[in-house]
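Dear colleague,

Please find the structure below, which I am handing over to you for your studies. My notes on it come after.

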Amino acid sequence: MLGNAGFHRIEAHVALENYASQNLLKKLGFSFETVRKGFMLENNKWTDKAVFYRNLN
């Protein structure tokens, strides 16, 4: 369905300690790509995020 909107890839950025979400993404066909250091400001602190992606083509 998303492929019809012109997207060829989707990403999910997840907290490193959020193993439940990471496992769910893997079950949905996402692959781990990298860790982005200091990616998001949360509670006045820059936090790291695990990046997962899925190609839609």
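The model is predicted, and local features need pLDDT of at least 70, side-chain atom pairs count only at pLDDT 80 or more, while totals for chains, interfaces and linings use all residues. Residues are numbered from 1 along each chain as its sequence is written, and side-chain values use heavy atoms, with hydrogens and water left out.

Strand β2 covers residues 31-42, and strand β3 covers residues 45-55. Strands are DSSP runs of E with at least two residues, numbered from the N terminus. The two strands pair in the antiparallel sense over 8 bridges; strands count as paired if DSSP finds at least two bridges between them. As one example, Leu41 has Trp46 in β3 as its bridge partner. Together β2 and β3 form a hairpin with 2 residues between them. Asn43 is in the turn and has a positive phi of about 55 degrees. Asn43 is exposed, with a relative accessible area of 78%. Here buried means under 20% relative accessible area, exposed over 50%, and partly exposed in between, with a 1.4 Å probe and protein chains only. Between the C-alpha atoms of Asn43 and Arg54, which are 11 residues apart along the chain, the separation is 29 Å.

**Two residues of β3.** Lys49 lies in strand β3 and is buried, its relative accessible area being 5%. The side chains of Lys49 and Glu42 are joined by a polar contact of 3.2 Å. A polar contact is a pair of N or O atoms within 3.5 Å; within protein, one must be able to donate a hydrogen and the other to accept it, and residues adjacent in sequence count only if both atoms are side-chain atoms. Leaving aside neighbours within four places in sequence, Lys49 is in contact (heavy atoms within 4.5 Å) with residues including His13, Leu16, Phe39 and Glu42. Thr47 also lies in β3 and is buried, at 17% relative accessible area.

**Phe32.** This residue of strand β2 is partly exposed, with a relative accessible area of 46%.

Yours sincerely

Note on methods
Helix = DSSP H or I, 4+ residues; strand = E, 2+ residues; numbered from the N terminus.
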